[in-house]
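Dear colleague,

Please find below the structure that I am handing over to you, with its sequence. My notes on what was found in it follow directly.

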Amino acid sequence: MSRRPAEAEQPGASGGTAPGRVLTVPNLISFLRLLGVPIFLYLLLGAHADVAALVVLAIGGTTDWVDGWVARRLRQVSRLGELLDPLADRLYILATLVGFTAREVVPWQFTAALLARELLLLASLGVLRRFGYGPPPVHYVGKTATFLLLAAFPTLLLASAVPG
């Protein structure tokens, strides 16, 4: 974590990101991930098409890794991509929790615990910014936690869809 007042930060100063790059392959993948969130919710809650919702959720979770890999491989890392990727992750997690709780795939206590974690992280980021610190660097523990959630959700949906 670096001590940098927010107003002193320079675009592109975060480890080789290209400021102003919007039309890149990884950003397109992230935009498509974002479009998948309302489609997933419609399929899960509106159409009750669990298999289709499972496919959208699995693709959304898989492309979480793909967009970062493509960005590094093609040297198309951008500040927009650095913002879109965690936004898409959080929206998928939130949408999945809401949908699964509404459909009683997971108990509300599970949803409350994960939402409390997200709120704690958001509040911590606010406190860091208040005191002039930038966000903490991405760490493999956080990436692993997000991966495990995005991998577990399709499994939970599949388990609830299969008659037992």
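A search of the whole structure, which is a predicted model, finds 3 aromatic pairs. Rings of Phe, Tyr and Trp (for Trp, the six-membered ring) are paired if their centres lie within 6.5 Å; planes under 30 degrees apart count as stacked, over 60 as edge-to-face and the rest as tilted. The pair Trp65 and Trp69 is stacked, because the ring centres are 5.9 Å apart and the planes stand at 25 degrees. These two residues are 4 residues apart in helix α2, and are therefore separated by about one helical turn. Helices here are DSSP runs of H or I with at least four residues, strands are runs of E with at least two, and both are numbered from the N terminus. Trp65 is exposed, with a relative accessible area of 54%, while Trp69, at 38%, is partly exposed. In these terms, buried means under 20% relative accessible area, exposed over 50%, and partly exposed in between, with a 1.4 Å probe and protein chains only.

Residues are numbered from 1 along each chain as its sequence is written, and side-chain values use heavy atoms, with hydrogens and water left out.

Phe40, Phe100 and Phe153 form one aromatic cluster. These three residues also have the most contacts inside the largest nonpolar core, which has 20 residues. Each of α1, α2, α3 and α5 supplies at least two residues of this core, and the largest share, 5 residues, comes from α3. A nonpolar core is a set of buried Ala, Val, Leu, Ile, Met, Phe, Trp, Tyr and Cys residues joined through side-chain atoms within 4.5 Å. Not counting residues up to four places away in sequence, Phe153 touches Leu57, Ile93, Thr96, Leu97, Phe100, Phe110 and Leu114; contact means heavy atoms within 4.5 Å.

Helix α1 covers residues 25–46. Its 22 residues should span 32 Å at 1.5 Å a residue, and the end C-alpha atoms are 31 Å apart, which agrees; the expected span is 1.5 Å times one less than the number of residues. Thr24 caps the N-terminal end of α1, with a side-chain oxygen 3.2 Å from the backbone nitrogen of Asn27. Just after the helix, His48 takes a positive phi of about 50 degrees. The buried residues of α1, including Arg33 and Phe40, pack against α2 (50–73), α3 (79–102) and α5 (140–161).

Two further residues may interest you. Phe31, in helix α1, counts as partly exposed at 38% relative accessibility, and is in contact with Leu80 and Leu84, leaving aside its neighbours within four places in sequence. Asp64, in helix α2, counts as buried at 9% relative accessibility. Beyond residues up to four places away in sequence, Asp64 touches Arg33, Asp85, Asp89, Thr146 and Leu150.

Finally, an unreviewed UniProt entry lists residues 108–128 and 140–162 as "transmembrane region". Over residues 108–128 the model is 100% helix and 0% strand, with the end C-alpha atoms 30 Å apart. Over residues 140–162 the figures are 96% helix and 0% strand, with the end C-alpha atoms 33 Å apart. UniProt annotations, given here in the numbering used above and with shortened feature names, may be inferred rather than shown by experiment.

With kind regards

Note on methods
This is a predicted model: local features need pLDDT of at least 70, side-chain atom pairs count only at pLDDT 80 or more; totals for chains, interfaces and linings use all residues. A polar contact is a pair of N or O atoms within 3.5 Å; within protein, one must be able to donate a hydrogen and the other to accept it, and residues adjacent in sequence count only if both atoms are side-chain atoms.
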